[in-house]
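Welcome! Please have a look at the sequence and the model before reading on.

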Amino acid sequence: MSEPISRPTFLTVLCFLTFMSAVSGLWSQSERLWNPGITADKTRETFEIVRENVEAQANGADTKVVQEMFASVIENTTVETITTSAIIMLVFESISLFAAYLMYNLEKRGFYLYLAGIAVAFLAPIVLIGGWLGFITAASSIFLSVFMAIFYAINFKYLQ
């Protein structure tokens, strides 16, 4: 008769952090989905401020590349791209939430599902939004999730 495997405290903490992050993400992405026009305006304003600050500090050949990147991002920040981004992130947050539930229950498929969610959050904006905005959306979407995936990988041996 084998003893049941107990969940390590670190894995429990990771799962709860993912639960909280996913629920928070679902809430914020729902707000973005319901108010894409307001979100697009705020995003454009933010990028305008950042562009002005970067241009004030930039010099040389890099200035032109930075100007083109910011112009592209600002131009492509529309109601449609915000809506697309919100839907992608709602899918990602839902996958992450379910994956954390599975890993909390010590199921290996939860880890693989979590990795699949990260792949969706990275690839979908690049394919569906495209350009600099798609890349920035993709990179910012998965930044912390990659670290969480590494921590989950450390606990992979406890998953069945």
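This is a predicted model: local features need pLDDT of at least 70, side-chain atom pairs count only at pLDDT 80 or more; totals for chains, interfaces and linings use all residues.

Residues are numbered from 1 along each chain as its sequence is written, and side-chain values use heavy atoms, with hydrogens and water left out.

**Confidence**

The chain has an average pLDDT of 88, and 94% of its residues score at least 70; pLDDT is the predictor's confidence in each residue, from 0 to 100. Helix α5 (residues 108-128) has the highest confidence, at a mean of 95, while helix α3 (residues 62-76) has the lowest, at 78. Helices are DSSP runs (H or I, at least four residues), numbered from the N terminus.

**The largest pocket**

The largest pocket holds about 530 Å³ of space. A pocket here is an open set of points on a 1 Å grid over the protein atoms alone, where a 1.4 Å probe fits, with protein on both sides within 12 Å along at least five of seven lines; lining residues have an atom within 4 Å of a point. The volume is the space filled by probe spheres set on the points.

Its lining has 30 residues, with Q29, M89, E93, S140 and S141 nearest the centre. Two or more lining residues come from each of α1 (9-34), α2 (36-57), α4 (79-104) and α6 (131-154). Helix α6 contributes the most, with ten.

T18 and L14 both belong to helix α1. Are they buried or exposed? The table gives the answer, where buried means under 20% relative accessible area (1.4 Å probe, protein chains only).

| Residue | Relative accessible area | Class |
|---|---|---|
| T18 | 4% | buried |
| L14 | 2% | buried |

Leaving aside neighbours within four places in sequence, T18 is in contact (heavy atoms within 4.5 Å) with S96, A100, Y114, M148 and Y152. L14, counted in the same way, touches M148, F151, Y152 and N155.

L14 and M103 are 89 residues apart along the chain, with 9.5 Å between their C-alpha atoms.

How values were computed
Buried means under 20% relative accessible area, exposed over 50%, partly exposed in between (1.4 Å probe, protein chains only).
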